[in-house]
Amino acid sequence: MGDETANRIDQGRTAGTDRVLLFVLPLLAFLPPMVHAYTTLKLPLGIHFWLLSGGIAALALLLGSAMAWLGTKAEDRPWQILQAVLLGSVVLLLIDLSTYRFDASLLLAHLPWALGLWACLAATFWLLRQQLPKILFAGALALLLSTVAPQVHLSFLAPAAQAGASGGTQKEAPPFIYIVLDEMIGPEGIPKDIEGGEKAYQAVRQLFDKHGFRLFGSAFSRHSLTVRSIPNTLNYDVDDNSWGMVLRHSNNGVVQSVLFEELALSKPLVVYQTKHINFCSSVPTRCETLQSYDAQGEWVTQLGLGPAETLFTLREALSGSLLARGGIQLLAATLRLDLNKAVPEYFDVHAFPAWFDHFSDDVVRSEGNSNYFAHLLSPHAPYILDASCAPQQGWELPYNLDDEHLSDVELDDARARHYRTYFKQMTCLLGKLDAFLMRLADSPAFFDATIVLHGDHGSRISGGRFAETITERDLVDNHSTLYAIRAPEIEAAYDLRRVSVQQLTAEYFGNVSRPASDGDLSVVIDSIREGHAVVLQMPKTQGETQLTGEVAEW
């Protein structure tokens with residue numbers, strides 16, 4: 001009789017322990033992805049963080065309470081099955097929270113598989129119901145500890161280690177620095193009739209003349225979209241006449257590059273990129289990625305984001321999680337906040353001054369032992385930096401002004417207004433480039449370096465970009481872009497040859513013969529009709545003549 005009583009007491013204690021573990025389990029499971037999100041993305045840790053996190057914690061405790069209560073019905077099989085179903089739901093929600101970085105919900109995008117996984121989890125949990133609370137609790141606790149445990153970061157040792165690893169024979173090859181400046185219009189494309197235009201034109205000419213570059217004043221890009229322009233340039237592709245916003249020369253969303261492969265043969269290749277396009281293939285030795293959606297950086301806090309802006313940023317950053325996104329929408333509705341307003345969706349421009357300084361310091365510290373590629377969103381819209389790189393209020397994009405149904409006078413006024421702020425942001429960029437090139441000039445390691453600076457397309461401050469309505473002035477605004485190069489064997493000059501940046505990179509680095517004069521002047525324009533593109537000729541001067549061209553199906 002005593003043994004039976006002792007067994008009952010032990011079983012009661014075990015059952016009680018299991019109920020406690022089940023109660024705490026969802027909270028332990030949901031904490032790691034939330035902690036990871038806020039430490040990785042550096043999201044705002046204000047009242048909205050605590051409200052969102054508190055809501056998710058409340059849901060976790062509600063699920064835990066239900067499972068703990070069902071634990072008192074251990075002898076009733078239907079209640080056991082329901083408990084197993086709830087445990088499967090907890091695991092699915094954990095997966096959902098952990099996929100916050102995806103562009104769309106992983107579970108929603110694969111709903112049949114998610115439902116199948118749910119059923120399999122529930123069946124497995126029911127079969128293992130005797131030991132399951134301890135197993136799942138141990139797993140959740142281990143996941144939490146692995147997320148929040150202090151970790152030793154030795155990144156400060158990386159430059160020294162890389163410098164040591166890059167010595168010897170690799171030092172014999174001169175360093176190579178390749179920078180793409182997003183939306184940097186070419187000198188001859190700058191509208192000098194707009195206030196600040198003539199000054200901007202002279203500033204570009206003087207900068208590259210001062211530092212001994214060959215500057216192609218009439219260069220242009222065959223494409224007005226970054227996803228086609230940069231990948232084609234990095235792969236010497238001068239024949240792409242495709243349609244649409246499709247990332248070219250990519251594998252699983254990562255740009256592949258023939259130029260990268262060649263650069264990596266002589267030295268380690270370091271890539272600086274944004275979160276918009278991923279160049280970090282298996283070729284680069286190291287990748288530095290600007291957290292384009294970081295809502296806590298010093299460049300953002302100066303803007304004084306309000307509750308709606310903060311929640312909007314949280315929703316965009318955590319958009320891959322149905323649970324987090326739904327919680328943010330519920331919180332916004334409760335606080336009566338409208339998230340459908342124009343607020344920064346990315347912070348590359350706000351971050352540019354500090355990010356460029358970081359890049360500049362890295363290059364100089366390398367002492368010529370690494371090659372570098374950088375894609376910088378400058379002077380890319382929105383135009384919120386003044387000439388001294390101080391951030392200003394504002395978030396306005398200047399693209400496709402025809403969509404606003406403006407009169408000719410209103411269109412000209414809007415274009416001029418955007419260009420005036422564009423020139424200020426361009427002045428900020430030119431100042432940063434001048435300081436960077438001066439630092440390289442002071443270092444003997446970069447005396448014979450090859451340096452390429454070019455845009456991916458024009459400013460795109462234009463009426464439109466579709467073939468049916470585009471004008472010659474639009475073509476210049478959208479496609480005229482910078483190309484400047486300096487290398488020991490290249491003569492410094494102001495070169496007015498009309499040539500695409502894709503052709504120039506192919507000529508200089510892809511062993512393609514160089515035409516003596518203007519060669520292929522074709523640019524590719526999307527049609528409004530899906531799957532159709534129009535190939536036009538880049539004009540010499542800005543005008544208002546409507547253009548026509550043959551439509552090519554792709």
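1. Let's start with the hidden pair: Cys389 and Cys428 are both buried, where buried is under 20% relative accessible area, exposed over 50% and partly exposed in between, using a 1.4 Å probe and protein chains only. Keep in mind that this is a predicted model, in which local features need pLDDT of at least 70, side-chain atom pairs count only at pLDDT 80 or more, and totals for chains, interfaces and linings use all residues. Residues are numbered from 1 along each chain as its sequence is written, and side-chain values use heavy atoms, with hydrogens and water left out.

2. The sulfur atoms of Cys389 and Cys428 sit 2.0 Å apart, making a disulfide (a pair of cysteine sulfur atoms within 2.5 Å). Cys389 is in the loop between β7 (371–376) and α15 (408–441), while Cys428 is in helix α15, so the pair ties together parts that are 39 residues apart in sequence. Helices (H or I, at least four residues) and strands (E, at least two) are DSSP runs, numbered from the N terminus. The S-S torsion of Cys389 and Cys428 is about 105 degrees, so this disulfide is right-handed.

3. Now for the other pair. Cys280 and Cys287 also form a disulfide, with 2.0 Å between their sulfur atoms. Its S-S torsion is about 105 degrees, so the bond of Cys280 and Cys287 is right-handed.

4. On the overall tally, the rule gives two disulfides. Counting bonded cysteines along the protein chain, the pattern is 1-2, 3-4.
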